Amino acid sequence: MDVNFDTLLEKLADFIQKEAKSETIMGEPFILGEFSCVPVVRIGMGFGTGGGGGDSPKTGKGQGGGAGAGIGIEPIGFLVTKGAEISFIGVHRNTMLSNVFEKVPDLIKSFMEKKKTEKT
């Protein structure tokens, strides 16, 4: 039994690349009235391989191998735009990431107002 681990890992990586997209779990970006919405997901993955072989006076030659992969996709929210405004609407309102994204428009506005005040 010949196991080509490079080919096996390449096929696993191709599969993960094709499947690990926001469209897979939540759908394509969409328009809702005046809002453009883009799904945001968190993706985690891992894979590994192993193999070995040997000789035994009792059983003869032997070899074996294996591979495995895992993937996790979790929806975390949507980036929503309306005109020049952009905001993040989190699925889990208590996550730190969604809180950070929610503050970005206010931070930019404050920064721009401060810059304007410094010029005058």
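Strands here are DSSP runs of E with at least two residues, helices are runs of H or I with at least four, and both are numbered from the N terminus. The model is a predicted one, so local features need pLDDT of at least 70 and side-chain atom pairs count only at 80 or more, while totals for chains, interfaces and linings use all residues. Residues are numbered from 1 along each chain as its sequence is written, and side-chain values use heavy atoms, leaving out hydrogens and water.

The chain as a whole gives the setting: it has 3 helices and 4 strands, and from the N terminus on they follow one another as α-α-β-β-β-β-α. The 4 strands make an open sheet in the order S1-S2-S3-S4, with antiparallel pairing. Strand S1 (30-32) and S4 are the edge strands, each of them pairing on one side only. Two strands count as paired if DSSP finds at least two bridges between them. Strands of a sheet pair through backbone hydrogen bonds, either parallel or antiparallel.

Ile31 lies in strand S1, and because its relative accessibility is 61%, it counts as exposed (over 50%, with buried under 20% and partly exposed in between, for a 1.4 Å probe and protein chains only). The C-alpha atom of Ile31 is separated by 9.4 Å from that of Val80, although these residues are 49 apart along the chain.

The next pairing brings together S2 and strand S3 (residues 60-82), which run antiparallel and are joined by 21 bridges. A hairpin of 3 residues leads from S2 to S3. Within this pairing, Met45 stands opposite Ile71 in S3. Ile43 also lies in strand S2, and this residue counts as partly exposed because its relative accessibility is 34%. Beyond S3 comes strand S4 (residues 85-90), joined to S3 by 6 antiparallel bridges, and there Gly90 is the bridge partner of Gly77.

Side chains of opposite charge can pair when their charged atoms come close. With a salt bridge taken as a side-chain nitrogen of Lys or Arg within 4 Å of a carboxyl oxygen of Asp or Glu, the count comes to 2. In one of them, the side chains of Glu34 and Lys82 meet at 3.1 Å, N to O. Glu34 lies in the loop between S1 and S2, whereas Lys82 lies in strand S3, so this pair ties together parts that are 48 residues apart in sequence. Glu34 counts as exposed at 58% relative accessibility, while Lys82 is partly exposed, with a relative accessible area of 37%.

Glu74 and Arg42 also meet through their side chains in a salt bridge, with an N to O distance of 3.1 Å. Because Glu74 lies in strand S3 and Arg42 in strand S2, the pair ties together parts that are 32 residues apart in sequence. Glu74 is partly exposed at 30% relative accessibility, and Arg42 is partly exposed with a relative accessible area of 42%.
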